[in-house]
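Please keep the sequence and the structure in view while reading.

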Amino acid sequence: MTDPSEQRPRVLVARKLFDDLLDPLRARCHLQYHDEDRAAEPARLRQWMADKDGVLLTASERVDGALLDASPRLRVVSTMTVGFDHIDVGACAARGIVVTHAPDVLTETTADFGIALLLAALRQIGEAERYLRAGRWQGWSPDAFAGADLHGSTLGIVGMGRIGRAIARRASLGFGASIVYHNRNRLDPQLEAESRARYSSLDSLLEQSDHVLLALPFSPAAHHLIGGVEIARMRRGATLVNIGRGGLVDEAALAQALQDGRLGAAGLDVFEGEPRVDARLLQAPRLVLTPHIASASLPTRRAMVRLAVDNLLAVLDGRAPPNPVALGG
Ligand code: DGY
């Protein structure tokens, strides 16, 4: 007689998540769980996925056609992130594998962080704290760490999805900033009004903004969207913040613009080769660097995992998942 447990789908969670949130997977699947607090190496991932029906991922594990070819049973790839540029969605679709992600639950937390990183950058909070801790503070000074203001400024937001709009609301209602935005598609008038934002071409946004904040997903077309040419269009002394994906900014051009004083300040939460950070960024002045933590409040990170579990189980149960990724989406 076949053991009924053998009929249960086989699922991989390749790195440490919140253990208690994986109980629904334990109850209904054969769960292979590696509770190590680091991304799985590609060779191990390939070995572990070889007999799996489903996998729950973070942004640190890459899924490409070769990995899928080595995972013949795979039916669903569920990432706990909203971004899915680490997954070859076309290769999944071609093999009938459903991809799901975790939008909405992180919007407000990520928008809070966008404002925090912008303020930290333009008020040089990181450098000021390091200066104090190093024992270099000799007394109050009129112009030490005198940065720019958010209140009353013009904030340009590139990428006006849910997170961009939540940042726009905070900046305009909370700080009285004027908001201009650029997006692949212009928002409908109601969303524009709710966000208190004016649509602009990218060039015009760069020219008129005191601060530019990137909140868009990565796509090959957006690689180095902000490079030397675009920085040269920005106002002298402007601030650049990126909470989208690392590849959006030419990091060498940014480091140079900070060294030259062309840009007043910058904040980066995401990096092109993360977790490796370009040495030129580490040397650059007036730059706040954080390790991809924009969505990292505990309640939000837990909600992201819960949603990824729900999506995974829905597909394995033959139900429509709450958050499928559409091809080209
Ligand atoms: C996301 O959800 O895409 C965040 O950037 C965390 O990776």
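For sorting residues, Ala, Val, Leu, Ile, Met, Phe, Trp, Tyr, Cys and Pro count as nonpolar, Asp, Glu, Lys and Arg as charged, and the others, Gly among them, as polar. By that scheme the shell around the ligand holds four nonpolar residues, four polar ones and one charged. Its members are A59, T81, V82, G83, L106, R245, H292, S295 and M304, where a residue is near the ligand if one of its heavy atoms lies within 4 Å of it.

The model is predicted, and local features need pLDDT of at least 70, side-chain atom pairs count only at pLDDT 80 or more, while totals for chains, interfaces and linings use all residues. Residues are numbered from 1 along each chain as its sequence is written, and side-chain values use heavy atoms, with hydrogens and water left out.

G83 contributes a backbone N or O atom, at 2.9 Å from a ligand oxygen. On its own the ligand has 230 Å² of accessible area (Shrake-Rupley method, 1.4 Å probe), of which the protein covers 87%.

Turning to the strands, helices (H or I, at least four residues) and strands (E, at least two) are DSSP runs numbered from the N terminus, and two strands pair if DSSP finds at least two bridges between them. Five strands form an open sheet with parallel pairing, in the order 2-1-3-4-5. Its edges are strand 2 (30–33) and strand 5 (98–100), each of which pairs on one side only. Within this sheet, neighbouring strands are turned by 15 degrees against each other on average, direction ignored; the axes are lines fitted to C-alpha atoms. Strand 3 (residues 54–57) runs parallel to strand 4 (residues 76–79), with four bridges between them, and V55 is opposite V77 of strand 4.

With helix 8 (residues 189–195), strands 7 and 8 make a right-handed β-α-β unit. Y181 of strand 7 is the bridge partner of I157, and Y181 is also partnered by Y199 in strand 8.

Note on methods: Polar contact = N/O pair within 3.5 Å; in protein donor to acceptor, adjacent residues only side chain to side chain. Right-handed = clockwise from strand over helix to strand, strands pointing away. Axes fitted to C-alpha atoms, helices over the stretch in contact; angles between N-to-C directions.
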